[in-house]
Amino acid sequence: MSTPGHLVWRLSTKWRVAVDRALAPIGLTHAQYVFLSSLSGLERAGARPSQRELADHTGLEALYVSKLARTLDAEGLVERTRDPADTRTVRLRLTPRGREVTEPAIATVAELLDRLLAPLGGRHGDRTAALARELTLLLDTSLES
């Protein structure tokens with residue numbers, strides 16, 4: 001029998017590989033998708049996040065978010081601007097082209113998520129909600145000593 005840690009690792013790997021494969025025709029990696037879809041969601045909520053805020057939201061390392069932002073800016077998907085109130089802060093915004101790429105990517109990943117969660121009753125099922133609560137509890141648990 002596998003340990004919970006091993007199962008989390010395997011599921012995480014399975015999900016990352018599946019997302020990478022599903023998004024390859026769009027030209028995005030899983031990390032780029034996490035960046036763009038999270039930025040899209042924050043923008044829909046009325047935010048104009050900084051790189052640090054996006055890193056905190058996604059759980060990605062701040063230096064990695066900075067690298068992704070430069071790459072996506074060079075590809076014309078993201079606009080990076082200095083915050084006038086604090087020039088050390090870089091604000092992010094999807095470009096129109098970024099929105100054109102992100103919207104179908106979100107739909108693609110949603111379909112993939114539906115397939116993954118079907119055995120639990122789908123995205124809106126009671127078992128999926130219970131799993132989400134348990135995973136949130138684990139994510140909120142500090143591993144620092």
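A residue is called buried under 20% relative accessible area, exposed over 50% and partly exposed in between, with a 1.4 Å probe and protein chains only.

The model is predicted: local features need pLDDT of at least 70, side-chain atom pairs count only at pLDDT 80 or more, and totals for chains, interfaces and linings use all residues. Residues are numbered from 1 along each chain as its sequence is written, and side-chain values use heavy atoms, with hydrogens and water left out.

**Overall layout**

The protein has 6 helices and 2 strands. Helices (H or I, at least four residues) and strands (E, at least two) are DSSP runs numbered from the N terminus. Along the sequence they follow the pattern α-α-α-α-β-β-α-α. Taken along the principal axes, the C-alpha atoms fill a box of roughly 55 × 40 × 25 Å.

Contact means heavy atoms within 4.5 Å. Among the contacts in the protein with a separation of 6 or more, 51% are between residues 24 or more positions apart.

**Helices α2 and α4**

Two packed helices are described by the angle between their axes and the distance between the axes. Here, axes are lines fitted to C-alpha atoms, for helices over the stretch in contact, and angles run from 0 to 180 degrees between N-to-C directions. The axes of α2 (residues 30-44) and α4 (residues 62-74) come within 11 Å and cross at roughly 85 degrees. That makes α2 roughly perpendicular to α4; angles under 35 degrees count as roughly parallel, over 145 as roughly antiparallel, 65 to 115 as roughly perpendicular and the rest as oblique.

On the α2 side, the residues that meet α4 are Ala31, Gln32, Phe35 and Leu36; their partners in α4 are Tyr64, Val65, Leu68, Ala69, Thr71 and Leu72. By class, this contact has 8 nonpolar, 2 polar and no charged residues. Ala, Val, Leu, Ile, Met, Phe, Trp, Tyr, Cys and Pro count as nonpolar, Asp, Glu, Lys and Arg as charged, and the others, Gly among them, as polar.

**The nonpolar core**

A nonpolar core is a set of buried Ala, Val, Leu, Ile, Met, Phe, Trp, Tyr and Cys residues joined through side-chain atoms within 4.5 Å. The largest one has 24 residues, and Phe35, Leu36 and Val78 have the most contacts inside it. At least two residues of this core come from each of α1 (4-23), α2, α3 (51-58), α4, β2 (86-94) and α5 (96-117). The most come from α2, with 6 residues. Leaving out residues up to four places away in sequence, Leu36 touches Leu28, Leu72, Leu77, Val78, Leu94 and Thr102.

**Single residues**

In α3, Gln51 is buried, with a relative accessible area of 12%. Residues up to four places away in sequence aside, Gln51 touches Val65, Ser66, Ala69, Arg80, Val90 and Leu92. Arg52 is also found in α3 and is partly exposed, at 48%. Trp9, in α1, is exposed at 53% relative accessibility, and Pro96, in α5, is exposed at 56%.

| Pair | Apart in sequence | C-alpha to C-alpha |
|---|---|---|
| Trp9 and Asp20 | 11 residues | 16 Å |
| Pro96 and Gly76 | 20 residues | 8.9 Å |
| Arg52 and Thr89 | 37 residues | 8.2 Å |
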